[in-house]
Amino acid sequence: MRDIQPRRFNKKVVLEKPVTIIDSTTNEAAPSYTPFCERWASIEPLAGRELMNAKAVEADSSHKITFYADSKTHQFTPRWRIRYDMPQAITGPGETTARYFHPLNINNVEERNRLFVVICKEQTQ
């Protein structure tokens, strides 16, 4: 495995786990997500050969998100999602824009429990 440079992990992401919320007025269950933990990660759009290889596994893949593994991130599954809150420098003062990524494939690199590479599909809101 090539060494991962810490400076690449320049995006703070939130790993969100699925929950079911019951509407008190209608008693209907609605799926939602709740924040589980924050981690520094790299977010890269897939391109070229990497995109073709990912699409062979999952046709809708669009991004690769990499973060360090730890006791909390080992609970991460494809049912969860990753939220990236874009900084105000990009969105403008007083604005916040969240991007959501749904995992299609989670790779524990070299099965060493050090690094996760997640192939995702970005969900538009």
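Over the ring of which residue does the charged end of Lys 72 sit? In this predicted model, local features require a pLDDT of at least 70 and side-chain atom pairs count only at pLDDT 80 or more, whereas totals for chains, interfaces and linings use all residues. Residues are numbered from 1 along each chain as its sequence is written, and side-chain values use heavy atoms, with hydrogens and water left out. The ring in question is that of Phe 36, and the charged end of Lys 72 lies 5.2 Å from its centre; a charge is taken to sit over a ring if NZ of Lys or CZ of Arg is within 6 Å of the ring centre and within 35 degrees of the ring normal.

Phe 36 also belongs to one aromatic cluster, together with Phe 67, Phe 76, Trp 80 and Phe 116. Rings of Phe, Tyr and Trp (for Trp, the six-membered ring) are paired if their centres lie within 6.5 Å, and the planes of a pair count as stacked when under 30 degrees apart, as edge-to-face when over 60 and as tilted for the rest. By this rule, the model contains 5 aromatic pairs. In one of them, the ring centres of Phe 9 and Tyr 68 are 4.7 Å apart and the planes stand at 45°, so this pair is tilted. Because Phe 9 lies in the segment before strand E1 (11–22) and Tyr 68 lies in strand E3 (residues 63–68), the pair ties together parts that are 59 residues apart in sequence. Strands (E, at least two residues) and helices (H or I, at least four) are DSSP runs, numbered from the N terminus. Phe 9 is buried, at a relative accessible area of 8%, whereas Tyr 68 is partly exposed at 36%; buried means under 20% relative accessible area, exposed over 50% and partly exposed in between, with a 1.4 Å probe and protein chains only. A further pair, formed by Phe 67 and Phe 76, is edge-to-face, with 5.8 Å from centre to centre and 85° between the planes. Both partners are buried, Phe 67 with a relative accessibility of 0% and Phe 76 with one of 7%.

In the order E1-E2-E3-E6-E5-E4, 6 strands close into a barrel with antiparallel pairing, and the twist from one strand to the next averages 45°. Two strands are said to pair if DSSP finds at least two bridges between them; the angles, which run from 0 to 180 degrees between N-to-C directions, refer to axes that are lines fitted to C-alpha atoms, for helices over the stretch in contact. Strand E4 (residues 81–86) pairs with E5 in the antiparallel sense over 5 bridges, and with E1, again in the antiparallel sense, over 4 bridges.

His 63, found in strand E3, is buried at 10% relative accessibility. The side chain of His 63 makes polar contacts with the side chains of Ser 62, at 2.9 Å, and of Arg 99, at 3.4 Å. A polar contact is a pair of N or O atoms within 3.5 Å; within protein, one must be able to donate a hydrogen and the other to accept it, and residues adjacent in sequence count only if both atoms are side-chain atoms.

Most residues other than glycine have a negative phi.
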